[in-house]
Amino acid sequence: MSQTHEFQAEVKQVLDIVIHSLYTDREIFLRELVSNASDAMEKMRLTQLTEKDVFDANAELQIHITTDETAKTLTIADAGIGMTRAELVENLGTIAHSGSKAFAAALKNAGKQGDATLIGQFGVGFYSAFMVADKVQVYTHSWKNDGEHLVWTSDGQSSYTIDEAPDQKRGCKIVLHLKEDAADFCKASTVRQIIEKHSNFVSFPLLLNGERVNTVEALWLKPKDSITDEQYKEFYKFTAHAFDDPSYRMHFQADSPLVINALLFTPTHNMESFGMGQMEPGVSLYCKKVLIDPKPKKLLPEWMRFVRGVIDSEDLPLNISRESMQDSALVRKIGDVVVKRLLKQLDKEASDDAKKWDGFYKDFSRFFKEGVATDHTHREAIAKLLRFESSMTQPGETIGLADYVKRMAAEQKAIYYQVAPSRDAIESGPYLEAFKAKGIEVLYLFETIDEYVVSSLSKFDDKDLKAVNADDIDLGDSDADGEALPEAETNTLCDWIKERLNALVDSVRPGKRLVGSPALVLTPEGEMTPQMRQMMKALGKENGMPGPKVIFEINPRHALVKGLAKLQKSDPDTAALITEQILDNALLSAGLLDEPQRIIQRTQKLMEKLAS
Ligand code: ADP
Ligand code: MG
């Protein structure tokens, strides 16, 4: 019985672009179909390890490509897991899979028309067949013994049909009825060239019109100097199903203590930033060229899920099951060796070419920050890769922690930072002054999560990381100009302020670290920092959160403070209004002002007093 189905709306959108807008690089449709065939057979091989009841159990795991110049067709057949009726609908009628999902997401971000160059960076998976064919048939039988012989047919417009088909083998046979302008793809010589270019890394025999074309080779086992850049690139694209070029690569071969061959890549584009949700692990585990697990969860730490490639170790038992693999100490050890090497290499490459690293880091910093926060074993090595702007860099320029430490003065005790939304917010605030005056560099941390990252790190190169608004920083006496209010008067003023603002401040004291500002607020040890408070608010948890408890530091050298000391005696009410305003200004700089409206009423009152 023939069934007609409508494509899901997103699929229609993708198909529309594929058919009408993508003309360059059309040949990659073949890589897509071959890679699907290879995936399906890889899944078959793993299924056969545990399932006994398999349809067509003796079918050879090969890919057969046949060309027919008279019929103008190109056929790609595999002996993979095939698809049931429900799977045909799910896999070829909706968007639930990686390649086309990225494409659809990019399409959404790029607007209706879509940006052709952006789109060129993504795969459209199976649907790319419609770049060259005006009719596609997928003959299939699932590996399940009770499956049906089916054929899926579509012209890529808006619907497809599923019919019962005559007897056939397990797997999928995809028949492309080529468009007039794509007739070249039914020529054996053209197809052979494309396979050699894009699909040389298929780990199953690939036959063109009955003749073997690929040599199954494990690139990661070959000596480095026998591999060209181009081969590395193609390998990355093929194994990672990627459409960008790799940004960094590491080819690592070790004999002791473990025999490990690893070939790893970092992408150019961060797929998570396209709103695709969390990536799956992208480094496969092999033992002597045999795939053990395509997406092992415990091999590399979770934060490294953006890394792609292959790790092969002879020391793994070949028959290791995927379940026991997850808990194997050996697997963790292999992962650990590779992670250390990769971090070391990235650190070197980052210092050798800082500009390249900055470009990469812009897109991928989230992962490294997550690593510092979650990966205790490699924390310090990951921290070396972090980059920040600072009080000594130009806007947009960055520095790493190692370089910061290198240019610290001998007597400087800690690494200082301030978390704030922008460079302006930091440089116009009161905290930086004293550090600037003493020539101490301060790192600028612009993201709310940075607070969490540095507090997980807590030390780098044995030096504490300290927020500039921490209570317990002593920079020594400031050598700032200007006569200060005498100590006794300062203390009287502090006591008076404490009395008047009792509900608003934890304590009041003269500050040494102020240069040009009348006052600032500090967070006492053990109190929630301004960033933590902002995080709570962002999570909608500010209800029941106690008001900020701050230390109020006033600057006895500042004219306003000196004036206040006098006014407090002659007109205490006006002095109190001014003091409250100074406090609110300081709270605002610290990101702690919860009720900015109260400033309006107060300034109103102050102005009335001035004008009367
Ligand atoms: P992706 O390969 O990124 O998942 P595709 O668009 O290439 O996306 O393929 C969509 C889905 O269709 C695959 O995930 C798979 O489930 C199914 N599929 C495609 N080709 C085959 C095949 N030759 N054998 C079995 N399933 C296939
Ligand atoms: Mg695919």
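This is a predicted model: local features need pLDDT of at least 70, side-chain atom pairs count only at pLDDT 80 or more; totals for chains, interfaces and linings use all residues.
View 1. Strands (E, at least two residues) and helices (H or I, at least four) are DSSP runs, numbered from the N terminus.

View 1. Helices (H or I, at least four residues) and strands (E, at least two) are DSSP runs, numbered from the N terminus. Is Thr 140 buried or exposed? Its relative accessible area is 0%, so Thr 140 is buried. Buried means under 20%, exposed over 50%, and partly exposed in between (1.4 Å probe, protein chains only).

**View 2. An open sheet of 5 strands.** The order is E10-E11-E14-E12-E13, with mixed pairing. Two strands pair if DSSP finds at least two bridges between them. Strands E10 (248-254) and E13 (290-293) stand at the edges with a single partner strand each, so one side of each lacks a neighbour in the sheet. From one strand to the next, the twist averages 20°. Strands E12 (residues 282-287) and E14 (residues 308-313) run parallel, joined by 5 bridges. Helix H7 (residues 229-240) lies across E10, E11 (260-266) and E14, at about 85° to E11. Axes are lines fitted to C-alpha atoms, for helices over the stretch in contact; angles run from 0 to 180 degrees between N-to-C directions.

**View 3. A cis peptide bond between Ser 256 and Pro 257.** Omega is about 5° here. Pro 257 is in the loop between E10 and E11. Most peptide bonds are trans.

**View 4. Helices H16 and H19.** H16 (residues 487-500) and H19 (residues 572-590) pack at about 80°, with axes 11 Å apart. That makes H16 roughly perpendicular to H19, a label for 65 to 115 degrees; under 35 counts as roughly parallel, over 145 as roughly antiparallel, and the rest as oblique. Trp 496, Ile 497 and Arg 500 in H16 meet Pro 572, Asp 573, Ala 575, Ala 576 and Thr 579 in H19.

**View 5. Asp 56, with a positive phi.** Asp 56 is not a glycine, yet its phi is about 55°. Asp 56 is in the loop between H2 (28-50) and E2 (63-68). At 30% relative accessibility, Asp 56 is partly exposed.

**Notes.** Residues are numbered from 1 along each chain as its sequence is written, chains are lettered from A and ligands numbered from 1 in written order. Local features need pLDDT of at least 70, side-chain atom pairs count only at 80 or more, totals for chains, interfaces and linings use all residues, and side-chain values use heavy atoms, without hydrogens and water.

Note on methods. Contact means heavy atoms within 4.5 Å.
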